[in-house]
Amino acid sequence: MEALNAIVALSNFVLVPAIAYGSQLALGALGVTLIYGILRFSNFAHGDTMAFGTMVAILFTWWLQSMGVSLGPLPTALLALPAAIAVTALLLLGTDRLVYRFYRAQKAVPVIMVIASFGVMLVLNGVVRLIIGPGDQRFADGERFIITALDFRRMTGLDEGLAIKTTQGLTLVTAVIVVAALFWFLNRTRTGKSMRAFSDNEDLALLSGINPERVVAITWIIVAGLAVIAGVLYGLDKSFKPFTYFQLLLPVFASAIVGGLGNPLGAIVGGYIIAFSEVGLTYAWKKVLGYLMPESLAPDGLVQLLSTDYKFAVSFVILVLVLLFRPTGLFRGKAV
Amino acid sequence: MTTRGYLLFALIPVMIIGVGTLQSWNLALAILNMGLISAIMALGVNMQWGYAGLFNIGVMGFLALGGLAAVIVSMPPVGGAWAAGGLRVLLGLAFGAATIAGAVALYKRMAPGRKRALVLAVFVVIGFFVYRAIFDPAVQAIEGYNPATSGYLGGLGLPILFAWPVGALFAAGAAWLIAKTALGLRSDYLAIATLGISEIIIAMLKNEDWLSRGVKNVVGLPRPVPYEVDLQKSPGFVDFVTGYGMDPAEGSSIAVKLAYAALFLVVLAILIWLSEKALNSPWGRMMRAIRDNETAAEAMGKDVKRRHLQVFVLGSAVIGLAGAMMTTLDGQLTPASYQPLRFTFLIWVMVIVGGSGNNWGAVLGGFFIWFFWVEVEPMGRWAMDLLTSGLAEDSALRAHLLDSAAHMRLLTMGLILLLVLRFSPRGLIPER
Amino acid sequence: MSFLIGENMTGGYGAADILHECTVAVEKGEIAVIVGPNGAGKSTAMKAIFGMLKLRRGAVRIDGEDITRLSPQARVPKGMAFVPQTNNVFTSLSVEENLEMGAYLRRDDISGTMEQVYELFPILREKRRQAAGELSGGQRQQVAVGRALMTQPKVLMLDEPTAGVSPIVMDELFDRIIEVARSGISILMVEQNARQALEIADKGYVLVQGANRYTDTGQALLADPDVRKSFLGG
């Protein structure tokens, strides 16, 4: 019984939140890694792309809500996703046209593209704050929980409750569908294969008649989809605040690098590694240990390894360790 | 410098005087002071990026370390807090450092393999818990001492000017640690690593209340210049300013700002003299040779890694110095005010716009961008006013647009960066 | 008139010209080989014909059509295929995917061509699910040639196809190249192993310092004492 309680408490406070957060990071990291693989630079504007896309989704959600449209138990924001992705895709294609394409044609060194992405980041940041303001926005509606802690206790008779938020379940389901679709696209379709070919060997791709501009455009569209979905899921699960999205850059990049930049599978694994470490190290283990250890040994402190404010430190330390001991990432990215 | 350079520099007094006559002299001097500090920040980033091509986007962290130095040097020590747990905190920190040193030594001594990993893990975990056991109670004791007014250890009670070199030292120390681990990596990785470090430094300042009072802020730092109220009490000063037809309150605040400006100008002058010397010395030429072709320089027997380490530490020290100066000017340390967009990316805009690789360019960029950063808001508000003048007085859209004028800043800075990068990639004053 | 010809080509990468009035041509279904000492501009001539180098003077024509101004990608639909010397496979893609990418521009059924490639290089059929980066050097070259054949080219251009492979693999590869030529595809290749290459060549070009020195049939060049002495080591 004690052990069961410990497992439930662990699931409630660590496993479930970390799986949801990890899925969100994985989707974000996939966007970063695709851009790196195809356009060969680290896109620092990615956090703000997520913010922009989420903002568009929020605006559409509000509009739908004002029209009385709802999805019942599911958040209305899901209905806003396609429109938000379309708008964000147009934005990304526009920035590519106005900013990045020039440097691509020049064959500029990647670092110039990175600096250009700083500029795009600042502009997007300004646009988002101009339109929706810097404050917190909540836009989740529908059923809040799949199962509440109270129901769970009643059902199982355990002392500990397990609450699963709708947004957490939704995150996992969506992430699985999106990742499956992405891998199907990359491995099974002609266009997807041409993207992998382009990422692998640009010159040979040109010799095979693959059109680089088409590959780049499709990449941006996919990245728009990934960024908006990641951003909306994160916003539903927590809340939307432009600055938080900027700060997501660090764990998102850490996920992509830990997995190996340019490697989609690595990005997913990296996302979960970062999320589990972050949640695990900042969780107060007192409760779980209390169930597992005999009374006399039960810890009196919180057994929290790090204060939650240091969660950045976790992604950072993992990042540094990986860079030191395996610079190409766990899955051999294309880092040069 | 070219004629174009002199002309651009001549614009600075024009802009300052313009603000002085059109808006207020207080604002004009405030812009000048922060412009001088921005110029120093840009000089530091220019050393790393312009001389050596090192990609540091952790500027904010080094600035904050300089700010911390200002607190630690100048604030009076809090005796009660020291008695409550000062030594124990130091002991805890020493133990933590020893654990890390021990782990590194173990890693180097033992043969690679599963056994080493296991021993290392056990060692680090035990070390961590012992460290927390020593450290945590001391922190609680210190933070419990008069939390409303102190709750931290305080500083050394020395004149705040000492904090400037100390700030540089703090930043240099952190930079050395980062450089040792991350400099060999490719540029994007160094960028991410520095970004991460700077976030951690800010998190530390916000959370380690015993050290920096955290989000409770440290206010009332001592000043290197007189206080306005004291000037207003001095009859000689009052006579002097009223002689120029100014009221004593305004006169005193201008005098204080001028005094700061003089101090900052001296520091900037020394730094730029040193930077120019360094850049045009054999050392500077070698640095740029390494930047332009690392492989060739390495083949010629240059110790690239060592040079990079040097310039990274030097540049960070300059940034730390600027951070200490900024906190001195503010008179307070407010960890929550450190935002990466403002304190990292804005500095980058300064360097790119000014002309990377050119010290004068960095200084100019520092001034110009800071000027626009301050002035874009009133300009934006004015533009929005004009834009929305057709809308009803109580229109929600109008209110929203007017409210958002403040966010025009980031947008404008991003646009400036993109435009300069595209159409004048060598900046206002290009590298020679 | 030759099927593919680069005529009086003059040009280089920077200010200095590498090629000087260089002419290289190949007939339908024949094998033309470019040989010469190191730095003679052999690969450069090849790249110039494929449009990877800007020509100051001269012209490139395929089947009578002037393609001098076309980009390399635009030459692929004209029936040209190029196998670079290095980095000539997609290492992270499977063998089969490499072949599919070769046929990227084709909208028709490619299974027939793929079958032909597998018949030409049976080992590739065996390894078709394996990543090309995991194959041996000789197998990689086969993938590279196979990828180029997938476009159903009229001319196959090979830049030192035998660089870094063992002599046995080299003979094998040359046999396959003869087979490809017999199917009606013109072959233009640069070779370091001049003697073996000239043996299978219908036409040989000896370049020196970016200019034609000797041009004749492969057999005639092999028999020419001057050529033997200067370029074939006696």
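A polar contact is a pair of N or O atoms within 3.5 Å; within protein, one of the atoms must be able to donate a hydrogen and the other to accept it, and residues adjacent in sequence count only if both atoms are side-chain atoms. Across the interface of domain 1 of chain B and domain 2 of chain B, this rule finds 7 residue pairs in polar contact (both at pLDDT 80 or more).

The model is predicted: local features need pLDDT of at least 70, side-chain atom pairs count only at pLDDT 80 or more, and totals for chains, interfaces and linings use all residues. Residues are numbered from 1 along each chain as its sequence is written, chains are lettered from A and ligands numbered from 1 in the order in which they are written, and side-chain values use heavy atoms, with hydrogens and water left out.

## Domains of chain B

Domain bounds come from an automatic or database domain assignment. Chain B is divided into domain 1 (3–77 + 154–423) and domain 2 (78–153). The centres of these two domains of chain B, taken over C-alpha atoms, are separated by 33 Å. Contact (heavy atoms within 4.5 Å) involves 14 residues from domain 1 of chain B and 16 residues from domain 2 of chain B.

The size of an interface is often given as the accessible area lost when the parts come together. Here, buried area is the accessible area (1.4 Å probe) that two parts lose on being put together, summed over both.

| Interface | Buried area | Share from carbon and sulfur atoms |
|---|---|---|
| Domain 1 and domain 2 of chain C | about 1,500 Å² | 75% |
| Domain 1 and domain 2 of chain B | about 990 Å² | 55% |
| Chain A and chain C | about 1,800 Å² | 54% |

## Domains of chain C

In chain C, the assignment gives domain 1 (1–79 + 156–234) and domain 2 (82–152). The C-alpha centres of the two domains of chain C lie 23 Å apart. On the side of domain 1 of chain C, C:Leu156, C:Asp159 and C:Arg176 lose the most area to domain 2 of chain C, together 27% of what that side buries. Between these domains of chain C the count is 0 salt bridges, a salt bridge being a side-chain nitrogen of Lys or Arg within 4 Å of a carboxyl oxygen of Asp or Glu. The count of residue pairs in polar contact between domain 1 of chain C and domain 2 of chain C is 4 (both at pLDDT 80 or more).

Leaving aside its neighbours within four places in sequence, C:Thr113 is in contact with C:Arg106, C:Leu149, C:Met150 and C:Gln152.

## Chain A against chain C

Between chain A and chain C, 17 residues of chain A are in contact with 20 residues of chain C. A:Arg190, A:Leu204 and A:Leu207 are the residues of chain A that lose the most area to chain C, together 36% of what that side buries. The count between the two chains A and C is 2 salt bridges. C:Glu100 forms a salt bridge with A:Lys193, and the closest N and O atoms of this pair are 2.5 Å apart. There are also 8 residue pairs in polar contact between chain A and chain C (both at pLDDT 80 or more).
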